[in-house]
Amino acid sequence: MDGVIELQFWQMVAAYIFVVILLLIVRARGISREKEILIASIRMTVQLVLVGYILVYLFNNINPLNTIIVIVVMEVFAIHNIYKRTKTKLSKALKKIIAISMLFGTLSSLIYFLLIVINISPWYDPRYFIPIAGMLIGNSMTGISLGVTRLVDGMYSERHLIESALMLGATPKMAAKQIVDNAFDAAILPSINSMVGMGIVFLPGMMTGQILSGISPVTAIEYQIAIMLGILGSVALTVILFVQLGYKTFFNEESQLIIGE
Amino acid sequence: MFSFKEVQYKDILNIKNLTIKKHKVTCLVGQSGSGKTTLLRLLNKLISYDSGEILYHNKPLSGINAVELRRDIVMLPQAPAIFSGSIKDNLLIGLKFSERPLPSDNQLYEVLKLVKLNKELNQDAEKLSGGEKQRVTLGRVILMKPEVLLLDEPSSALDEETEYMIIEALVNYTKENNKTLIMVTHSKKVASQFSDEIIEIKEGMVINGEGV
């Protein structure tokens with residue numbers, strides 16, 4: 001193996017020319033999406049360049065505080081993103097549950113993964129900690145966003161059925177079970193689907209990156225398997241916590257449904 | 001069985017003094033929007049009053065566990081609530097919710113006969129007509145053998161025959177088993193034919209009934 005081909009300046013330019021050609025085609029076909037494609041490309045470039053510099057700094061200044069700050073920023077951004085992406089209005093109590101589930105679900109998976117499965121040393125080594133945290137937090141964020149939407153929509157659209165269940169002596173847990181189960185399914189399915197297609201339909205990004213950087217495919221695959229299991233665990237744990245605590249915010253201590261009053 | 005003392009719920013209901021008797025059929029009558037359904041919902045603890053007190057068997061309702069109470073006092077809402085699954089699933093769901101032993105299929109067919117629904121237990125309940133769904137919900141409640149039945153007037157979408165049949169079946173159940181039935185109706189005819197007591201409500205206040 002000759003190591004990695006370092007991309008030269010002109011090679012980067014060539015990559016952009018590819019997008020410019022795409023833009024010309026889009027314009028010629030009269031599809032009015034040039035602006036979005038342009039903005040997304042520029043935004044992606046700026047964000048990645050910034051992250052590149054930040055990672056270089058972090059890798060040169062390895063200390064626990066830096067790693068912790070990065071994790072905190074990631075979590076805050078992820079939680080904020082969930083609030084923003086959910087189209088329905090979220091109650092304060094539900095927002096709190098989302099934050100708790102994200103923090104507890106992702107952090108416990110992350111700690112288990114880094115310290116027990118991969119066994120990194122020191123524990124705050126940013127080369128492992130940051131990318132793996134990013135993958136666990138990012139996937140859990142996507143999962144919980146789907147779960148939140150499904151749970152809130154379900155509670156509203158099925159409120160008559162939920163209340164009818166209460167009238168028949170159901171506990172809030174029994175009355176909300178169907179909606180809780182649906183929300184869990186909606187949240188976890190994308191992770192399961194991506195596992196099923198893995199290696200056949202597409203080569204996952206992390207593995208591709210490692211292979212490109214000259215690491216043996218076998219090692220890359222080992223990491224990929226481990227990280228996929230980690231993602232599944234983290235998403236599942238986060239979403240279970242969320243749905244199990246989240247439905248309770250729609251009931252009061254008298255087991256009454258408290259929406260739309 | 002129930003006694004109301006100075007019960008206030010928002011600006012919807014204001015009941016100074018009212019008694020609802022045990023083992024009787026009581027009809028709540030009044031115009032729509034007068035607060036009849038709200039009264040049923042208070043008795044089922046689906047909502048809580050702001051002030052005053054309702055006593056159930058001389059115990060304040062506010063001190064009774066809501067879930068336990070609803071296994072004793074079952075409410076049938078206006079629109080039939082059908083859960084996804086078969087007719088059997090829907091008949092049994094109340095018993096499952098209240099964690100009680102389940103009857104055999106033969107007993108379930110007896111109930112279907114009682115509510116005049118000539119269907120198989122494994123048929124999809126969601127595909128039934130409005131009237132048939134209402135019959136399933138009726139069968140479900142009868143299986144639960146509640147002490148008190150709260151019936152909100154079956155929705156106007158229902159044909160009169162089904163509506164009459166449902167009321168008659170519930171009245172019979174109440175009389176034969178020494179239970180209590182409290183139902184909301186707009187029909188003076190229904191009220192005078194079936195009820196032992198009539199309570200008339202106007203703009204959230206009882207204008208005619210026991211204790212007024």
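**Chain B against chain A.** I looked up the contacts first: 19 residues of chain B touch 15 residues of chain A, counting a contact when C-beta atoms placed from the backbone lie within 7 Å. This is a predicted model, where local features need pLDDT of at least 70, side-chain atom pairs count only at 80 or more, and totals for chains, interfaces and linings use all residues. Residues are numbered from 1 along each chain as its sequence is written, with chains lettered from A and ligands numbered from 1 in written order.

Helices here are DSSP runs of H or I with at least four residues, strands are E runs of at least two, and both are numbered from the N terminus. α2(B) gives the most, four residues.

**Strands of chain B.** I checked β1(B) (residues 2-9) and β4(B) (residues 51-56): they pair antiparallel over five bridges, pairing meaning at least two DSSP bridges. Lys5(B) sits opposite Glu53(B). β4(B) also runs antiparallel to β5(B) (residues 59-60), with two bridges, and Leu55(B) has Pro60(B) as its bridge partner. In that hairpin, with two residues between the strands, I noted a positive phi near 50° at His57(B).

**Helix α1(B), residues 36-43.** Six of its eight residues are buried, so the helix is largely enclosed by the rest of the structure. Buried means 20 or more other C-beta atoms, placed from the backbone, within 10 Å of the residue's own. Among the buried ones I listed Lys36(B) and Arg41(B). After α1(B) comes Lys45(B), with a positive phi near 60°.

Notes:
Buried ≥ 20, exposed ≤ 12 C-beta atoms within 10 Å, placed from the backbone. Contact = placed C-beta atoms within 7 Å.
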